Amino acid sequence: VTLGAAFFEHPKYISALASETARHFARLVAAPERVVMSFHGLPQRYVDRGDPYHAQCAATASLLREAMGWTEDFAPLAFQSKFGPGRWLQPSTEETLADLARRGVKRVAVLTPGFVSDCIETLEEIAIRAAETFIQNGGTTLTAVPCLNDSDAMIDLLEALVSLSAAVGSRQ
């Protein structure tokens with residue numbers, strides 16, 4: 001266990017994401033041509049005022065690309081769940097998927113590394129609405145990679161984090 005590693009870059013978190021993604025891909029009939037890493041969006045003004053969220057998402061995406069042997073072109077970063085007025089982090093997941101489909105990509109996977117468990121935003125917004133957008137623009141198959149949920153990798157991660165917390169707490 002790495003002391004001091006924040007959750008977004010914790011080696012066990014990246015390892016859990018990589019192993020569960022690989023496990024999901026192994027069950028697919030055909031490999032995706034691209035993998036979109038979609039994180040929950042945030043108003044751009046927050047980042048402009050110093051919020052580290054965008055940099056943390058980019059770091060997670062970079063570490064996961066490295067672990068999986070992916071390029072940035074193969075696995076772009078995008079943001080979902082925009083609501084309300086104002087500019088939000090870009091590019092949007094929906095626009096990214098539409099663009100990929102228009103450029104001839106037929107099979108895409110969407111991974112949501114910012115979510116540890118499936119919820120309305122992964123099950124409805126990605127698996128249903130984003131899939132519709134992708135198909136309406138010329139794609140054929142969108143697979144929503146399940147979140148870590150209650151996988152063995154997630155339980156191992158939680159055990160490591162709890163053990164680390166207990167170890168740090170006992171030193172104080």
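These legends walk through an overview and several close-up views of a predicted model.

**About the model.** Local features are described where pLDDT is at least 70 and side-chain atom pairs where pLDDT is 80 or more, while totals for chains, interfaces and linings use all residues. Residues are numbered from 1 along each chain as its sequence is written, and side-chain values use heavy atoms, with hydrogens and water left out.

**Figure 1. The whole chain, from its fold to its surface.** Along the principal axes, the C-alpha atoms fill a box of roughly 55 × 40 × 30 Å. Of the 172 residues, 41% count as buried, where buried means under 20% relative accessible area, exposed over 50%, and partly exposed in between (1.4 Å probe, protein chains only). Among contacts (heavy atoms within 4.5 Å) with a separation of 6 or more, 76% are between residues 24 or more positions apart. The accessible surface comes to about 9,000 Å², and 54% of that belongs to carbon and sulfur atoms; these areas come from the Shrake-Rupley method with a 1.4 Å probe, and for residues only the protein chains shown count as cover.

Figure 2. What meets the side chain of Arg23 in a salt bridge? The partner is Glu20, at 3.1 Å from N to O. A salt bridge here is a side-chain nitrogen of Lys or Arg within 4 Å of a carboxyl oxygen of Asp or Glu. Both residues sit in helix H1 (residues 11–26), three residues apart, which is about one turn of the helix. Arg23 is partly exposed, with a relative accessible area of 46%, whereas Glu20 is buried at 15%. The structure holds five salt bridges, and this pair is one of them.

**Figure 3. A salt bridge between distant parts of the chain.** Here the side chains of Asp73 and Arg34 meet, with 3.4 Å from N to O. The two residues are 39 residues apart: Asp73 is in the loop between helix H3 (53–68) and strand S2 (77–80), and Arg34 is in strand S1 (residues 34–40). Arg34 is buried, with a relative accessible area of 18%.

**Figure 4. The salt bridge of Arg129 and Glu124.** The closest N and O atoms of this pair are 3.0 Å apart. Arg129 is partly exposed, with a relative accessible area of 38%, and Glu124 is also partly exposed, at 25%. Side chains of opposite charge can pair when their charged atoms come close.

**Figure 5. Backbone details in two loops.** Most residues other than glycine have a negative phi, and most peptide bonds are trans. In the loop between S2 and helix H4 (93–102) you will find Pro91, joined to Gln90 by a cis peptide bond with omega about -5°. Ser81 lies in the loop between S2 and H4 too; its phi is positive, near 70°, and Ser81 is buried, with a relative accessible area of 10%. Now look at the loop between strand S4 (141–144) and helix H6 (152–171), where Asn149 lies. Asn149 has a positive phi near 45° and is partly exposed, with a relative accessible area of 28%.

Figure 6. Is Tyr13 buried or exposed? Tyr13, in helix H1, counts as buried at 3% relative accessibility. Leaving aside residues up to four places away in sequence, Tyr13 touches Phe7, Phe8, Thr60, Pro113, Gly114, Val116, Leu148 and Leu157. Asp156 belongs to helix H6 and is partly exposed, with a relative accessible area of 39%.

Methods
Helix = DSSP H or I, 4+ residues; strand = E, 2+ residues; numbered from the N terminus.
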